[in-house]
Amino acid sequence: MKGRALYLDGVSVVFDGFRALNNLSLIVEPGELRAVIGPNGAGKTTMMDVITGKTRPTAGTVRFGETDLTRMDEASIATLGIGRKFQKPTVFDDLTVFENVELALKAPRGPIACIRWHLSGEAADRIGQVIAEVGLTDRAHDPAGILSHGQRQWLEIAMLLAQDPELLLVDEPVAGMTDAETEHTAAMLVSIAGTRSVVVVEHDLEFVRALGRRVTVLHEGSVLSEGSIDHVQNDPRVIEVYLGR
Amino acid sequence: MSATLADPADSRARLGFRAGLAGAVLLLAALPALNTLPADHALHVSDFIVSVTGKWICYAILALSLDLAWGYAGILSLGHGAFFALGGYAMGMHLMRLIGPRGAYGHPVLPDFMVFLGYTDLPWFWRGFEHFPYAMLMVLLVPGALALVVGFLAFRSRITGVYLSILTQAMTYALMLAFFRNDMGFGGNNGFTDFKELLGMPLGTPGARAALFYASLIALVASFLVCSALTRTKYGRVLTAIRDAESRARFLGYDTTRHKLFAFVLSAMLAGLAGALYVPQVGIINPGEFSPGNSIEAVIWVAVGGRGTLVGAVLGAFSVNALKTWLTSAAPDLWLFVLGGLFVAVTLLLPRGLIGLFGGRRKGRDA
Amino acid sequence: MPRLLVLLLLLLAPLQARGQEAFEALLPGLAGGFAQQAQTVERLGTLGDPRAAAVLRALSDGRLLKRPDGTLLLRDGERVTEFPGGAAADAAGAEPVRINNRVRAALRGALGRLSLLSPDAAERMAAAEAVFRSRAAENIPLLEAALARESVAAIRARMELALAASRLAAGQDDAKRAAISALGASSSTEARAVLLEARAGNPALGAEIEAAVAAIDRRLEIRRAAETLFQGLSLGSVLLLAALGLAVTFGVMGVINMAHGEFVMLGAYTTFVMQEALRDIPALAPWSLPLAVPAAFLVAAACGAAMERGLIRHLYGRPLETLLLTFGVGMMIQQAVRLGFGAQNREVTSPPWMQGTLELPFGVMVTQNRLWILVFSLVVLLLTVAAIRLTRFGLEMRAVTQNRRIASAMGIRTGRVDALTFAFGSGIAGIAGVALSQIDNVSPNLGTSYIIDSFMVVVFGGVGSLAGTLVGAMTLGVVNKVLEPYAGVVLAKVFVLVAIMLFIQRRPRGLFALKGRAAEQ
């Protein structure tokens, strides 16, 4: 179990007068699995962007343990141990499943290090293990471009696992998945959490219920409610803006 | 791991491919030798063929360098001709210094154009170019430094795609304008010419021609081997990943600016090397080499051959230039139509280039 | 006007009569020693006798001959006549009257003064110029007389300047003071030089002279700034015209068109063809330039539509391929024009109302054609904005660029809108060609020189923003022209390029950036 928590304190992001995030504060404890829900435009994706360095906050602090994330770029934040899975799965289509995971595998990231990189037996075993975890062993040497949508989602999760991050940000992992795939994914995320922190952004309330952990509801860029799924589902403010419709 | 899984048919094909390449290199290597046969011999090869092939070999190195940047790293440079020309100018400066007192004005130190323009001293940036090793260093460092600066500024501010292309085109355009100026100290409009010797070898003789030919061929083979080894490392795969989904690679923790910069600088140095080998063979270098049209032509070699495959780049350089050499004498008015048509045909009908026709596997997508 | 003329003749009549007698008496002096010659020349110059000009010119050209007895002959080609009188004479024994530098100087001044009264305006202007340069006290009465009958404003201004300069060289302190303030009110560098020259000889008037020089300097500074500004705006308007079409095809549609410059070139050639076609139709010939505007728009738009439907639409979403493809098409268009019209420059003449220069206050000179192009570019910009903001086509175009799928679901034929939008942008390029034909060489590679600059304008101003294109073009134009005197044309260009690269470091999306989600694409 690793020991760094994620702190967001008073974070605001303003695009041309539009407040995508408005004084958002959030703490994710080490090893916690947190679900974040909210209607469209609530600022879920912007929050992810701020944490991973894609968007600079207009105000507020974002810390991972003692490290200030607001001054770092995407690559350094990723190297620090924060992994992100996008809503739309993006993998490298021309590379095989194996090569995709190989690139994600925790290792020095500089050009020279990459040139001198030699695939050791240990690394190959680790890659094989991660691929097996997401159930893609049969496809290991197929180009990622020919995988199905669900398989691409899993490959992305495999890449995240190979990255060995302390904190995983997962954006709508089950969008477009079948029920069986959804269940499989929920089980996978629950098993991942505990050894590392996971933040899941999701629309699918059944999925969030299946996760069975603490839920944060965002609305108009700030936290509307926080607690167990039953707590937030009964919160009158949440019902008004989100669930009531 | 991927090598261990390759099936036997694949490795046979690879063996045949390598044998084909080796055969092509041997065939090229035979040309200067066949040139020494008597003129009425059936296998005699004319001076023209040797010198024109020597030029094409240099173009092939340029194509390789561009393919490394474009085909693998996704950096479509429309200014690679600038790196080629800078390498050529560095070599030209060495050759000018070797003329010594044999110039038309007979000045012991200053090249003719400096005497003509009223220089009294050699400008500081000309110092040291009389030494071959120093000049060779500059052949690599000057294009590399330019690529480093331009690349750093561009990649850091995430200028990609067509913006980057236009920027590189502007770069070579600006350099062309600058080199046309007399007060730059590079001979202005006329550039450098009337070279006498290189490494003690009088230029323009059959011996020098053959020596330069072999030097270029060795450089081509070496560059090819280096590039192909490089692209098979994890670094090569990182470049492919950056080309296809740069932002994803960044979220995986790859500092894409550094990776692209590394590839771009390496590519620029290779282009500089090509230019340096080219100049003593054609005997002249002038600001026209910087013209954006030259860079674009290099792009079409790579596109025609098949980008993202090193063989394709080399094949493209040879085939397009062969076509150009034939057509510019057979039907000069047609050449630009054909060249323009090549752009249209290769983008619409043959996105994987000639290599695609032979069913070669290209590590790339049609974007 | 006639009354004024009569008045002038009355005024001049006594002068004329007095000159009549004196003229004959002075003539022998021309054959005397150098000192006497110079004196005579100067006095002849002040007389205002029309014959004086002829004899002085002859003396200056070495055509005045002298018999040993001192009588004068005038040679005009082969013909030799007595002077005065005009009877044919034999040149035997006569030799040319020799002069030295001092006499020559006197001759220049005198001839200049005499031309002040010439009926030819250009000659009077030149004379005023010459007198201004010689600035001698004896010019004053003549200048006053000439000023009294001068009606052309520009010549008057010149004469007044000459008068002030002459007064400064001669007159009493009062006259000098008036002269200094007159010179100080001008904004010419010559007046400044005259004042500086006079400073040494007039220590008492030092302060006034300094003030006058400072006033001139201030005005010259303003003029220089105004002219630089105008040149910059003019360059900016050219860039604006060239970039405006690109702002539509690239900025709005996101299609990179490297053949854009060739569409500009086609527009310029359309102007040439219109001019040649209408040359023999007197009723239409003067209108060939205005008529070329719609023609060029249609030609370029047709080419653009054909290119979009035939080629580009197969490559949507693949910008690098589009770039190469359009470059190839541009190359072919260029070669086709080169084969069709020849590689040499074609002459497109400007209509009379576009020729010449306009003088604004402070002596700011503005070339008419550049002024027209500046106005024209703004009109084209306004029309473009109007087309996008106010028409049904513009609405559909914006809908398609914002969300193709939804627009298509609403019943908009997106393919047609794409073709029209591209044709529209290309047509604007054609219009730009009409304007450029007025100030640039109409040659097959006209477009290539503008394409890079146009992209810089669009990128600098902010992709997708027409206001950004306007500000970007004008800024680049002015910055270029401000830098040119210090760095030269080429280095100024290079500086601007580097500056844009550095600027993009700070604001990657240009001056007028779209922000938020829309910019994330």
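Visitor: In which hand does H13(B) pass H14(B)?
Guide: The model considered here is predicted. In it, the way H13(B) passes H14(B) is a crossing that is right-handed.

Visitor: At what angle do helix H13 of chain B and H14(B) pack?
Guide: Two packed helices are described by the angle between their axes and the distance between the axes. For helix H13 (residues 310-330) of chain B and H14(B), the axes lie 6 Å apart. The angle at which H13 of chain B and H14(B) pack is about 145 degrees.

Visitor: Which residues of H14(B) make the contact with H13(B)?
Guide: From H13(B), the contact draws on B:Lys324, B:Leu327 and B:Thr328. By class, the residues of this contact are five nonpolar, one polar and one charged. On the side of H14(B), the residues are B:Pro332, B:Leu334, B:Trp335 and B:Val338.

Visitor: Which helix gives the most to the side of chain B that touches chain C?
Guide: The contact between these chains takes 33 residues from chain B and 30 residues from chain C. Helices H7 (161-180), H12 (292-305) and H14 (332-348) of chain B each supply at least two residues of the side touching chain C. With 12 residues, the helix that gives the most is H7(B).

Visitor: How many nonpolar residues has the side of chain B that touches chain C?
Guide: This side of chain B includes seven polar and three charged residues. Its nonpolar residues number 23.

Visitor: What distance separates the centres of domain 1 and domain 2 of chain C?
Guide: Chain C is divided into domain 1 (23-212) and domain 2 (223-520). Taken over C-alpha atoms, the centres of these two domains of chain C are separated by 54 Å.

Conventions: Residues are numbered from 1 along each chain as its sequence is written. Chains are lettered from A and ligands numbered from 1 in the order in which they are written. This is a predicted model: local features need pLDDT of at least 70, side-chain atom pairs count only at pLDDT 80 or more; totals for chains, interfaces and linings use all residues. Two residues are in contact if their C-beta atoms, placed from the backbone, lie within 7 Å. Helices (H or I, at least four residues) and strands (E, at least two) are DSSP runs, numbered from the N terminus. Ala, Val, Leu, Ile, Met, Phe, Trp, Tyr, Cys and Pro count as nonpolar, Asp, Glu, Lys and Arg as charged, and the others, Gly among them, as polar. Axes are lines fitted to C-alpha atoms, for helices over the stretch in contact, and angles run from 0 to 180 degrees between N-to-C directions. A crossing is left-handed if the near helix is turned anticlockwise from the far one by less than a right angle, and right-handed if clockwise. Domain bounds come from an automatic or database domain assignment.
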